[in-house]
Amino acid sequence: MPTPSEPSPAATSVAPDPHASSASTDSRASSASTDPEASTVSRDPHAWFDAARFGLFVHFGLYALPARHEWSMSYERREVEDYRRYAEFFDPDRFDAADLARRARKAGMRYAVLTTKHHEGFCLFESAHTDYSAPAVCGRDLVREFVDAMRAEGLRVGFYHSLLDWSHPDFTIDQNHPQRDREDVAALNSGRDMARYRAYLHAQVRELLTGYGTIDYLFFDFTDPGPDGKRPEDWDAEGLLAMVRQLQPGCVVNDRLGIPGDLVTPEQYQPRDPMTGPDGAPVRWEACQTTNGSWGYHRDNHDHKSADLLVRMLVGSVAAGGNLLLNIGPDGRGAVSPPDAEILAAIGGWMDLHAASIHGVGPADGLDAPPGTLLTARGDRLYAHLTTWPMQHVHLRGLAGRVRFARLLHDGSEVEVATVDPDQHAQNTTMDGLEPDVATLTLPIRRPDVLLPVVELVLTDAAADGGGPSTPSWTE
């Protein structure tokens with residue numbers, strides 16, 4: 001993934017997959033048949049992405065061995081020959097793609113993305129164009145294992161592929177390259193040919209798009225048109241995107257080729273509101289986040305986010321019309337670290353009870369969320385996520401007379417809904433009158449013991465209507 005500064009520490013058919021089993025095909029079909037958004041997905045090849053809302057990102061490569069961040073080759077100005085020695089010791093005996101897939105599914109994730117090659121240049125897949133790869137050094141095509149495992153669990157499959165390659169002899173030294181501080185950069189670059197590297201890049205992307213069956217998502221990374229960076233023309237971004245459209249016409253492609261794609265990808269921050277393009281129109285987006293600030297395995301980084309924070313980030317993304325792609329970095333042997341395993345399990349426990357408020361939903365357009373709440377909606381269902389537990393009451397403008405039933409989602413218990421007489425005057429234990437369009441929820445005093453309580457409201461009509469009150473709802 002890009003790191004802008006150093007850390008303070010006409011389409012043809014998709015190529016058939018000769019390795020795809022009938023079980024993985026049946027899994028996809030079964031998943032689609034039970035997906036409330038299946039009919040929409042059938043009309044829009046990218047609609048699955050909006051319905052999924054939550055995905056797993058997996059960063060794995062040689063950088064897991066030094067275990068000092070996936071950019072360690074660049075940060076430490078490592079020479080290619082010195083860094084390549086890690087390949088000799090790359091033995092991912094604990095990399096278990098089936099286990100990863102099960103963890104992702106149990107966490108409520110609907111798709112998963114694996115680094116096929118990061119900036120260091122080491123490939124996890126079989127390539128006719130290099131022997132700097134997992135199959136060459138340990139006899140395993142980890143991309144193949146990942147694809148098969150994710151399909152077996154009914155998950156959509158995505159590939160991350162770096163546009164950079166610090167180990168390729170024709171990739172010119174730029175502002176991010178490990179050799180950028182050498183005095184002979186100009187001389188080194190004089191013997192490098194980006195056209196040859198560009199051909200290599202396109203050839204490897206073609207291998208990925210034709211050798212593994214249907215690829216649902218392609219996450220390129222990254223174009224950095226700084227004073228000494230790389231621009232879209234360095235990759236022939238237009239040609240690369242055209243190849244994806246030809247070989248995998250249904251594939252979602254991100255925006256990091258430096259030209260418009262199918263979505264934008266804010267990294268390591270959470271958008272507050274729905275994202276829009278230069279013309280002000282809404283755009284598809286996905287926040288990509290780490291559990292601890294590092295994408296690859298970083299042994300000494302213990303700054304892990306809590307599970308409840310990550311759930312709030314997930315809900316905040318969905319409430320603003322986006323997705324969350326949550327990353328883990330397996331260790332040097334390929335195992336999921338204990339903190340990451342605990343985080344995924346905790347999120348999974350919450351999703352097991354509350355997935356209805358995440359999958360297949362979107363923003364509650366036309367309704368204002370009271371302070372301490374996040375709203376998502378689908379059809380006649382409105383979900384109020386209570387990020388702050390109130391003293392009994394949540395007041396929702398615009399919903400008076402529209403709520404058929406309300407319940408806490410984790411246990412299905414009813415939540416009382418009432419309309420307070422506007423002419424009522426506050427006295428002792430009687431609250432003051434409220435506007436006539438306000439529906440008031442009465443909640444128990446004790447907060448439920450879940451990461452984030454959710455109230456599901458069944459309405460008489462669609463929750464999101466595009467209109468909305470001029471003043472906000474509130475809690476007390």
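Helices (H or I, at least four residues) and strands (E, at least two) are DSSP runs, numbered from the N terminus. This is a predicted model, in which local features need pLDDT of at least 70, side-chain atom pairs count only at pLDDT 80 or more, and totals for chains, interfaces and linings use all residues. Residues are numbered from 1 along each chain as its sequence is written, and side-chain values use heavy atoms, with hydrogens and water left out.

**View A. Ala67 has a positive phi.** The angle is near 60°, and the residue is not a glycine. Ala67 sits in the loop between strand 1 (54-58) and helix 4 (72-75). Its relative accessibility is 5%, so Ala67 counts as buried (under 20% relative accessible area; exposed is over 50%, partly exposed in between; 1.4 Å probe, protein chains only).

**View B. Arg77 also has a positive phi.** Here phi is about 55°, again in a residue that is not a glycine. Arg77 lies in the loop between helix 4 and helix 5 (80-83). At 29% relative accessibility, Arg77 counts as partly exposed.

**View C. A cis peptide bond joins Asp221 to Phe222.** Omega is near -10°. Phe222 belongs to the loop between strand 4 (217-221) and helix 11 (232-235). Most peptide bonds are trans.

**View D. Helix 10 (residues 194-211) packs with helix 12 (residues 237-247).** The angle is about 15°, and the axes are 10 Å apart. Axes are lines fitted to C-alpha atoms over the stretch in contact, and angles run from 0 to 180 degrees between N-to-C directions. Helix 10 and helix 12 are therefore roughly parallel (angles under 35 degrees; over 145 is roughly antiparallel, 65 to 115 roughly perpendicular, the rest oblique).
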